[in-house]
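Student: Hi! Could you walk me through this protein?
Tutor: Happy to, let's have it up on the screen.

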Amino acid sequence: MVAFVFAVVVIAGLAGYIASRPNSFRMERSIVIAAPPEKIFPLIANFHEWTKWSPFEKLDTDLKRGYSGPDSGVGAIYTWDGKKAGAGRMEILEAPPSSLVRIKLDFSKPFTAHNIAEFTIVPQGEGTSTVTWAMSGPQPFVVKAMSTVMSTDKIVGPQFEEGLASMKRAAES
């Protein structure tokens, strides 16, 4: 009986701790690129260009891609389906020229998630820009529980760093 009560107390304490965690998350990475915003912006605002730099494009050699809407900017849509990359849909919600791209990011496999990705491009003078790639979204109880064991920032952050490094190479070439 004591073991049962102890287990209930531990489970209740853990559930309380998990419930107290933030209801949303935000992670970001930045890089300085020796290129003006107008050279970087098309790499982000046109989903066809993502094959040049996105680390997620390299996960599956047989990744199925779909494009609809305009080629770039607001309303451009990209869908993907792969074994390692999962499946989902992205739609550009906002894309004022050369400064920001805000994307609705919906995952359907291996799990359902609805996030926002943002790319900001800030000129630093003399043809140099800082690019920040951020992702934010809700963090329901199950995700909070998983984040106590594995951090989204530690899992996805290195992929963002890899993508930004590839974007740098593409923009500077």
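Predicted model: local features only at pLDDT ≥ 70, side-chain atom pairs only at ≥ 80, totals over all residues.

Tutor: Residues are numbered from 1 along each chain as its sequence is written, and side-chain values use heavy atoms, with hydrogens and water left out.

Student: Got it. How many helices and strands are there?
Tutor: The protein has 4 helices and 7 strands. Helices (H or I, at least four residues) and strands (E, at least two) are DSSP runs, numbered from the N terminus. Along the sequence the pattern reads α-β-α-β-β-β-β-β-β-α-α.

Student: And what does the C-alpha trace span?
Tutor: About 70 × 35 × 25 Å along its principal axes.

Student: Switching topic: where does Glu 28 sit?
Tutor: Glu 28 belongs to strand β1, residues 24-33.

Student: What is its relative accessible area?
Tutor: Glu 28 has 39%, so it counts as partly exposed. The cut-offs are under 20% relative accessible area for buried and over 50% for exposed, with partly exposed in between (1.4 Å probe, protein chains only).

Student: Which residues does Glu 28 touch?
Tutor: Setting aside neighbours within four places in sequence, Glu 28 is in contact (heavy atoms within 4.5 Å) with Thr 132, Trp 133 and Ala 134.

Student: Now the hairpins. How do β5 and β6 run?
Tutor: Strands β5 (residues 100-109) and β6 (residues 113-125) run antiparallel and are joined by 8 bridges. Two strands pair if DSSP finds at least two bridges between them. Arg 102 has Glu 118 in β6 as its bridge partner, and the hairpin linking β5 to β6 goes through 3 residues.

Student: What about β6 and β7?
Tutor: Those pair in the antiparallel sense too, over 9 bridges, with β7 covering residues 128-138.

Student: Last one: which residues of α4 are buried?
Tutor: Among them are Val 156, Phe 160, Leu 164 and Met 167. The buried residues of α4 pack against β1, α2 (37-45), β6 and β7.

Student: And how much of the whole protein is buried?
Tutor: Buried residues make up 39% of the 173 residues.
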